[in-house]
Structures are given as structure tokens and as C-alpha cells.
Amino acid sequence: MPKMIIYILVAFAVTYAIRVLPLTLLRKPIKSRFIRSFLYYVPYVTLAVMTFPAVISATDSVWSGAAAFIVGLVTAYISGNLFLVAISSSVVVVIVEILLKFVF
């Protein structure tokens, strides 16, 4: 139990430092286009890195997860409607899982 408290305190300190240090150290606006664009894309990349493995491994088969991912990308590119992306990806997972049950 004492190790758990140490882990929680370290996680708290790191999270706090990440949020407080930029506020205390950077007083002027960031003028570098490279750093500004890098900081702009950090949330999107973080979300993608956390989401992609979950999409592939959330189903019974990697194939159905990969098919849903591809259909989701295509649907998002064509329509941009998040509801349509979720529905089409879910339908593809169900269809591929049913097909895989009959094939194997």
C-alpha cells in the first residue's frame, strides 16, 4: 500500500509540473511557427495514439477492427459526420465478425 501512495504522488507531481511550469516559465507569447504548430497538433496526436490500439484490439478479431478502422477513415473523409462514422464502423465490425464465424 505505501508504494501505491508513492506512485500516486509521483503521478500528481508530474501532472502538476506539466501544467504549471509553462505558465511560470513562459511569460511571452511563443513566436516560433514550428513550436506553435507542434503545440497545436499535440492533442490530436495524443488522441490518435491512445485510440488506434483500442480500435484494433476492441473486437474479437484484429481483422474486424482493421476493417472498421478503414471504413471509419473513408467515411470520415467523405462525410465528416461522426455519427455516420460510428454507425458504419459498428456495422462493419458486426458483418466481419459474422463472416469470420462462418469461415473459421
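1. Going along the sequence, the protein chain reads α-α-α-α. That makes four helices and zero strands, where helices are DSSP runs of H or I with at least four residues, strands are runs of E with at least two, and numbering starts from the N terminus. Bear in mind that this is a predicted model: local features need pLDDT of at least 70, side-chain atom pairs count only at pLDDT 80 or more, and totals for chains, interfaces and linings use all residues. Residues are numbered from 1 along each chain as its sequence is written, and side-chain values use heavy atoms, with hydrogens and water left out.

2. Burial next. Of the 104 residues, 14% count as buried, meaning under 20% relative accessible area, with exposed over 50% and partly exposed in between (1.4 Å probe, protein chains only). A68, in helix α3, is buried because its relative accessible area is 7%. Its C-alpha sits 7.8 Å from that of S88, 20 residues away in sequence.

3. Have a look at α1, residues 2-25. Its 24 residues reach 33 Å from first C-alpha to last, close to the 34 Å expected at 1.5 Å a residue; the expected span is 1.5 Å times one less than the number of residues. There is still a kink of about 30° centred on A17, the bend being the angle between axes fitted to the seven residues ending there and the seven starting there. P22 also belongs to α1 and, at 39% relative accessible area, is partly exposed. From P22 to R33 is eleven residues in sequence and 17 Å between C-alpha atoms.

4. Over in α2, T46 is partly exposed, with 39% relative accessibility. Its C-alpha and that of T59, 13 residues apart along the chain, are separated by 22 Å.

5. Finally, the largest pocket holds about 400 Å³ of space. A pocket here is an open set of points on a 1 Å grid over the protein atoms alone, where a 1.4 Å probe fits, with protein on both sides within 12 Å along at least five of seven lines; lining residues have an atom within 4 Å of a point. The lining has 16 residues, with T51, V55, F69, L73 and V85 nearest the centre. Elements giving two or more residues to that lining are α2 (33-57), α3 (62-78) and α4 (82-103).

Technical notes: Points joined across faces, edges and corners; volume = space filled by probe spheres on them.
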